[in-house]
Amino acid sequence: MIFKRSERGKAPVEPVTLKILVAGGFGVGKTTLVGAVSEIKPLRTEELLSEAGRPVDDTSGVSGKHTTTVAMDFGRITLREDLVLYVFGTPGQDRFWFLWDELATGALGAVVLADTRRLEDCFAAVDYFERRSIPFVVGVNCFEGASRYPADAVRQALDLDPGVPVVMCDARERQSVKEVLIGVVQHAMTTAAAAREPATT
């Protein structure tokens with residue numbers, strides 16, 4: 001736990017911590033996103049792709065990728081003295097999905113990172129968060145050379161509920177990633193407020 005002293009002579013402040021997950025298909029840019037926004041050197045659990053993994057790791061469309069996350073990525077952002085955001089990147093391959101339940105515990109919300117060249121790769125992440133009622137936004141990582149589509153077209157292709165935000169981003173750019181994370185927090189707050197409203201008859 002992080003403790004900070006706001007002013008000389010005052011008691012240390014124990015910050016409130018929030019957790020956001022970053023999920024999506026293999027090679028979509030999750031590790032890059034966490035590294036772009038973290039104020040600390042991000043914890044990474046990457047390993048080289050092996051010959052043994054070739055039958056199960058679909059590298060079509062990401063032929064230049066030579067490593068894969070095998071547990072999680074972890075970064076931290078201090079929003080203010082009493083508020084810290086932890087960002088956890090999930091592994092993308094099916095065989096590591098057993099880790100998702102542990103990572104999702106206590107999460108405020110999530111980013112489903114998408115690549116328009118392989119949009120179907122994020123179906124599983126969308127389904128995961130929908131089934132568990134975890135608020136999420138879809139961040140379309142705008143890779144160079146990839147076709148650009150309007151947010152509504154992406155929403156329709158993923159069959160998203162109208163209230164799920166879809167935002168364009170560049171996982172390499174800190175400011176772009178910060179805007180995506182702010183979108184997650186705002187969407188989670190809106191979802192929580194709507195759940196507290198009494199049902200009308």
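**Figure 1. Salt bridges in the predicted model.** A search of the whole structure finds ten salt bridges, a salt bridge being a side-chain nitrogen of Lys or Arg within 4 Å of a carboxyl oxygen of Asp or Glu. The structure is a predicted model, in which local features need pLDDT of at least 70 and side-chain atom pairs count only at pLDDT 80 or more, while totals for chains, interfaces and linings use all residues. Residues are numbered from 1 along each chain as its sequence is written, and side-chain values use heavy atoms, with hydrogens and water left out.

**Figure 2. The salt bridge between Arg 76 and Glu 39**. The side chains of these residues, Arg 76 and Glu 39, meet with an N to O distance of 3.0 Å. The pair links distant parts of the chain, 37 residues apart. Arg 76 lies in strand E5 (residues 67–80), and Glu 39 lies in the loop between helix H1 (30–37) and strand E4 (43–48). Helices (H or I, at least four residues) and strands (E, at least two) are DSSP runs, numbered from the N terminus. Arg 76 is partly exposed, with a relative accessible area of 22%, and Glu 39 is also partly exposed, at 36%. Here buried means under 20% relative accessible area, exposed over 50%, and partly exposed in between (1.4 Å probe, protein chains only).

**Figure 3. The salt bridge between Arg 172 and Asp 170**. The side chains of Arg 172 and Asp 170 come together with 2.9 Å from N to O. Asp 170 counts as buried, because its relative accessible area is 17%.

**Figure 4. Asp 115 and Arg 117 within a salt-bridge network**. Arg 117 forms a salt bridge with Asp 115, and their closest N and O atoms are 2.9 Å apart. Arg 117 is partly exposed, with a relative accessible area of 40%, whereas Asp 115 is buried, with a value of 2%. Salt bridges that share partners join Asp 115, Arg 117, Arg 118 and Asp 121 into one network.

Figure 5. A disulfide is a covalent bond between the sulfur atoms of two cysteines; the criterion applied is a pair of cysteine sulfur atoms within 2.5 Å. A search of the whole structure finds zero disulfides. Cys 142 is in no disulfide, and the nearest cysteine sulfur is that of Cys 169. Cys 142 counts as buried at 19% relative accessibility, and Cys 169 is buried with a relative accessible area of 3%.
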